[in-house]
Every structure is written in structure tokens, then in C-alpha cells.
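Visitor: Hi, I'm new to this one. Could you put it on the screen and walk me through it?

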Protein chains: 2
Amino acid sequence: MELLIRMVKNASVAKYELQKLSAARKNQALNRAADALVRERERILTENKKDIERGEANQMSQGLIDRLRLTDERIRGMAGGLREVALLPDPVGEQLEEIIRPNGLKIEKCRVPVGVIGIIYESRPNVTADAFGLCFKSGNAVILKGGSDAICSNKAITSVIRAALREEGITEDAVQLIESTDRSVTREFMRLKEYVDLLIPRGGAGLIRSVVESSTIPVIETGTGNCHIYVDASADFSKALPVIENAKTQRIGVCNACESLVIHEAIAGKFLPELAKTLGAHRVEIRGDDRTQEIITCSPATEEDFATEYLDYIISIKMVSSLEEAISHINRYSTRHSEAIITEDKDAAEKFLNEIDAACVYVNASTRFTDGFEFGFGAEIGISTQKLHARGPMGLKELTSYKYRITGNGQIRA
Amino acid sequence: MELLIRMVKNASVAKYELQKLSAARKNQALNRAADALVRERERILTENKKDIERGEANQMSQGLIDRLRLTDERIRGMAGGLREVALLPDPVGEQLEEIIRPNGLKIEKCRVPVGVIGIIYESRPNVTADAFGLCFKSGNAVILKGGSDAICSNKAITSVIRAALREEGITEDAVQLIESTDRSVTREFMRLKEYVDLLIPRGGAGLIRSVVESSTIPVIETGTGNCHIYVDASADFSKALPVIENAKTQRIGVCNACESLVIHEAIAGKFLPELAKTLGAHRVEIRGDDRTQEIITCSPATEEDFATEYLDYIISIKMVSSLEEAISHINRYSTRHSEAIITEDKDAAEKFLNEIDAACVYVNASTRFTDGFEFGFGAEIGISTQKLHARGPMGLKELTSYKYRITGNGQIRA
């Protein structure tokens, strides 16, 4: 615990140095860290092997072992990620507004780093480098708490980055790793709001819930996506079928994949058989409501299905009699991540865009586009599903706050 | 508890109606509510009298009784507040950004209401009308939990506003009041994150701390201000003295009042006696560090003094040998609200603006300007002292979130 307190204090000192760094110095440090990761890859792979062996000894699933495993290529990928972040514009210092008041006071609203950011994540060790890169470029000190399964890998990666910062003459406390795998340390960390300005959990629904429940530090929730596509009465099937195929099957384990369809009754008779063929080619299991089952052969969908983010080759279908019913069904089961309508009717599109309560609302496009890179942000720390501070894909700007700089010549308040 | 659940569910339904209201309808409803408050003032005063009598019977202090008391003038003031909010521009629907992607997707970032906002506050009943006005104009449903001391007044005010909304044909669930004075109900309320998007506590440090500790709903902290003014070596005394006098004495019980001074040693010998005279005229007690005590007669300042928001006719003084020392002292004891430098040196001003970590950083002006009205926002729900979502004075825009509206013609992700 003493170590933890020292760590957050170090970060609180480091943040003052980091907020002053020029873009050029930050970019040079990011490139040096990238070089170091590639140069030290043997050491990182050796440490990663220890995690893999421990995982195998503990009967970890092949899927998890794969997420945990680093390779030469994956390390080069991490390094490449840091180099890309170096190429992005520095958000710090940007003037967002300027107000001149009648009394002559000049009020400038300027972008500043958040300060100290905590990231709590699960077993992918590449998050260690990614999170450092984004937090560092946006002028923040970061404290990482990775999964205990990846502890050796995370220690190696952090130590390589810290050495690179030291060589650049920049405080190595820009990135620190909580090495303890004791859960009480993590719990304590989440309550150090005096030192930590923001906590971002990255991982499954269970991790996120537990952080939200325990933290007194402001949290940005990321991740869960029970995304719908609504096929309207006026839908063009030549758009609907490829969009649904893409959103459901292009990558199944991600938060912006489609989990549920809503179909207007007017086109259901013609559309559902075509849909069944398209999804059948990918062996997607369809779970439909009663009316859907009257048209195509499928398993029955329960209330629970409509509320489930499958992350698998399964999709639920609800049939509706109107756009209003579709909107109300989606607003009921949505996790406020990404929702789409397929329609040729401009009024329907406009109503859907206005009335669906989600971070990203689509007309005639795949929900898979909800992504920092696809939005052109050049990077992404996660997809926020809450409404405060940042909503949807979070890039560098979303890791900043602002400050008012007010200049006068002796003004006093009357 | 059942009542509470019904209440948050009502708000979750109401938010969809409210987000669609035009500015014209909202303004008309605000004006009607203002008229109703004035028309029904006798009823409100009668209910307020019950609160006052209960307060007096419970030996409530005169200060608190005064905060609690409504008068004809104060009710007209509340109504005037609603009319002013009606005159402000509607933030909802504003386009914040538009991105056209290489694949033709159009991404619009648009301002939307937050949804359901909870406000937990202490005994001033005027907050009931103010909070409704701001939340309603920004398209949000609000659930109010006022102090139990003001329960009869709050019930009367809420009921008058709800009747006015009903007459306008707008859902009365735009504003609901938690009438239970049972603390366990408030605790339960703070954990209903599935229904409530944002919680804003308004009141003393104790209330705010308890909300932050207990809430799983995202909270915006408001309020505490341990504000400093640093008098630099190059300060113009004819600016420094009036600014300090204003910031300390114009209104002592507010969060943007000055609580502590930092004085550069180079001018201390000349400045402190003049300062003592200026503050002496207002009977302000000075608590100085050892070096200050060598120059003027004053009480000793302890560590605790430097960390205290007095909200009283008391001020602490720390003497420093450099700008750097001043910045580091302020960053140590600041509550990140409002901090000022008095200087004629442009480099010193710039360094102070950059390196002080606070919502509002001033050069040659009174910290008392940190206020939604003084910033030209036309309204204020509070001063945020945290860094996420909103920092400093919060007006209508700060009660909104955003949504991405994405329009395509069948795009899928490669």
C-alpha cells in the first residue's frame, strides 16, 4: 500500500513536467520507446513466455492464451502504434474559445491534459504500450494495472519504455505499473481520487461493473455493445444484406458487432428468407421472435436474448409493425453504443437519428465503423458508452480537459 | 423504494419527449412556470412557513433559517430566473463537428441532452426552481432531492411547476421531487445508474464527499474553493490591493472568495503593511507564516490554515522566494477552483497560467469572477472542480452530451 501511495505521488509530480513538454519532445520519446521495444524484443518475449507457461499450467483457455501471447510481429505492432501516435497532432494547448467580457476581461478556454490517468485492463499485454502512447501524447501520467496473467510481460514492456524515457531526459514516472496482483491493492487504487483524475477500465462487462461499483475516481465506462440494425419498410435489400453480414460476421468478438435485428413486418416475408441465406453461409444461428419463426426456421428468441451481447455467431430478431415500435424496442435493450437503420425514407432516417439514444447512430452503414481509426481520430483508447465527458470512440482529445485562462488589468467584481 | 423506482422510470420515459421539444415550446413552458410561481406565491409562502417553524422549533441557526426563508421578493426572483433561462439560446441540436470520411460516410457530432439528471442539494429552496429551469431548457428530465429542512417549500414549488407543464401539454415528469427524507432512499437513488445519467451535488464539502463516496452514477463535483492570490515581485500595488480586498471581502461565504495569499519576498516589506491596512478596514484576521510575522503583526499560520477554506473574515499568508515556489505552494493546497497572480511581468503571467492546475487561472483580476453569469453563460448550475466533462462554471452547454449521427449509402467495413 505504501508503494501504491508513492506511485500516485510520483505521478502527481510527473504530470506537471508532462503538461509542459513540447509536441516535438513527446514525439521523439515515443519513437525512442518504439525503437527500444523492437530492440529489446528478446527480453520481452522471454518474460512473455513465463506468463504463457503459467497460463498453460493453470489450464487457461486457448483463446486467452492467444490474447496473452506476444510474437515478434506483435511487438513490432506495438512499436508501430507508438510511431503512429507520434504522427498525430498534439491536442494540448489548443484554444477552444475566446470570450472578451464587457469589463475587458479576456477569457480563453484552452485544452490541457487530464493529469493522472489510471487504466485497469485484462490480459492483452499490447494495451500496456498502447495506453502509454495515448496518455503520454496527450500530456498525462498513466498508472497501469494489467491482468495478473500478463504480469511478467507488462513488467518487461513498462521497464523498456521507462528506460527509453530516461534516455530522453523525461520523467520515467510518465508510466508506472502496479505490479501487485493483490486485489485489495487495486481496490485501494480506485479510491485514490486525490491523486488520480480519471480511471478507464478496459475489458469485459464484469471488470467494468466492478470498477464502476468500487471507484471514487471518475470512471469512463467503455465497451459493452448490444448493437441493433433495424431494417425499415423502405429498406434497400442490396444495402441491408451486406451491412448486416458485415456487422455480424466480419469480427464477432468486438463491441461494435451487431447482436440483434429489428425487422419491419411489411418487408419481413421477402427479406427474412434472403437474410437466412446470407447469415446461413456464415453458420450464424438465428433466434427469432414468434412472428419471425412463422416465416423462417429458427430458434426462439427470449427476453434474455434481446438483452444479450453474444460476441458469437448468434443473432436475435424482433419483428415490429412501425418505426416507433422499432425505436422503442432498441432504446429499451440498447447499451447506447451503436445502432443502425437501413432505409430509403429520409423522414424515417431523421427520426431514427434523433430519437435513438446511443453514442453512434447510423443510417445505411455498418455498426462496425464505431472505432477511433475509422472515425479518423488516428488512435483509440476505447469506446465510451456513457454520456459524460466523452461518448463513442475516444482518441487523444478525449484524454484532455480544459482550463480557463483569464487576463485582466485589475478588474474587481461589483 | 418502489416509489423511487417508479420515479426514475418516469424520468426515463420523459427524457425522450423532452429531447424532442422545440426551443419555442420550452421557453413558453418556462415562462408559464414563472407566472405560476408568482400567482401561487401565497401557497408557497404558507408551505415555507411550516419549514421555518419546524426549523425554529429544532433550534436551527439564524443563518440557516435565512437561507430557508422565502419572501415575495425571493419568489419573484425564482420566477425571474426561469424567464432569463427562457431567453438563453437552446444548446440542443447544435452541430459540433462534421467529418466526411474517404469512404463517403458523413459523421456529424451533435449536442444532445444528457438525459436524466439528479440534483442533491441542501436547504435553499430556490435551487428547486433554478435546477428545474436549467435542466429543462437543456432538454433533460431532472429528479430533485432537496434538504429535508425545506421539504414543504420544495413540494409546493415542484407542484406549481408540474401543474404549469401539464397546462402546456408537456410531461410533468420533467421535474420530480424525492419527498422521502429517509437517508436510505437517497443512498438507493445514487446507485440507480441504469436510469440516471448524471448526479450533481450542490452544498457543503460533507454533502459532496458523501455523494462521491456512495454514487455509482457519474458525479460532477462542485464547490470547494481554497482560492489563492499570488502577489509577484513585479506586482502593481494599485491592482493588487483592490483585487485582494474584492476577492476576500466582497462576499465571504462563496467558493470563489480568496482564502490565502502568497507574497513574493522582494515586495513583502512594502506590500504587507499596506495590505494589513486594507484588510484591517474590513476586520479580516490575518494568519501569516514566520516571515510574514516578522513584517506585520498577525496570528501564526499553520499547515492546516493553508488547507482551509475559511468562508470567513480570515486569510492566510505564505511568503515565497520565487515564482516557482509560489506555483508549487498553490498547486499543493489548491482545490483546483480559481487561482490568481498579480504581476506586470508577462513571462511570469504566462508561466502561472500554464503551470497552475485549476479550472480558472487569473492574471490581474479577482477570483470572484468565476461564475456562470460573469463568464457570460447567462446561467449556472455550479462550479465544477473536477476535470471530466465540465470544468469551472457550468451553464446550459455543460448539461448536454453529444451523439454521432452517421449517414452512409451501404458502407461496410473492410
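Visitor: Which residues of E6(A) are on one side and which are on the other, and are they buried or exposed?

Guide: Before that, a word on the ground rules: this is a predicted model, where local features need pLDDT of at least 70, side-chain atom pairs count only at pLDDT 80 or more, and totals for chains, interfaces and linings use all residues. Residues are numbered from 1 along each chain as its sequence is written, while chains are lettered from A and ligands numbered from 1 in the order in which they are written. Now E6(A): A:Leu198, A:Ile200 and A:Arg202 sit on one side, A:Leu199 and A:Pro201 on the other, and all are buried. Buried is 20 or more other C-beta atoms within 10 Å of a residue's own, exposed is 12 or fewer, and partly exposed is in between, with C-beta atoms placed from the backbone. Helices (H or I, at least four residues) and strands (E, at least two) are DSSP runs, numbered from the N terminus.

Visitor: Why is E6(A) called largely enclosed?

Guide: Because 5 of the 5 residues of this strand, 198–202, are buried.

Visitor: Which strand is joined to E6(A) by 5 bridges?

Guide: Strand E3 of chain A, residues 116–121, and the two run parallel. One bridge pair is A:Ile117 with A:Leu198. Strands count as paired if DSSP finds at least two bridges between them.

Visitor: Over to chain B. What is the order of the strands in the open sheet?

Guide: The order is E5-E4-E3-E6, 4 strands with parallel pairing. E5 (175–177) and E6 (198–202) of chain B are at the edges with a single partner strand each, so one side of each has no neighbour in the sheet. On average, neighbouring strands are turned by 20° against each other, direction ignored.

Visitor: How many bridges join E4 to E5 in chain B?

Guide: 3 bridges. B:Leu144 is opposite B:Leu177 there.

Visitor: Which helix lies across E4 and E5 of chain B?

Guide: Helix H7 (residues 151–167), at about 155° to E5(B). Helix H9 (residues 205–214) of chain B lies across E3 and E6, at about 160° to E6(B). Axes are lines fitted to C-alpha atoms, for helices over the stretch in contact, and angles run from 0 to 180 degrees between N-to-C directions.

Visitor: How many residues of chain A are in contact with chain B?

Guide: 55 residues of chain A, and they meet 55 residues of chain B. Contact means that C-beta atoms, placed from the backbone, lie within 7 Å. E16(A) gives the largest share of chain A's side, 11 residues.

Visitor: What rotation superposes chain A on chain B?

Guide: One of 180°, with 0.0 Å of shift along its axis and RMSD 0.0 Å. The two copies are thus related as by a two-fold rotation axis. The superposition is by least squares on the C-alpha atoms of residues with pLDDT of at least 70 in both. A:His389 comes closest to the axis of the residues of chain A, at 1.8 Å (C-alpha).

Visitor: Last one: where is B:Ile252?

Guide: In the loop between helix H10 (237–249) and strand E8 (258–264) of chain B. B:Ile252 has 16 other C-beta atoms within 10 Å, so this residue is partly exposed.

Technical notes
Two residues are in contact if their C-beta atoms, placed from the backbone, lie within 7 Å.
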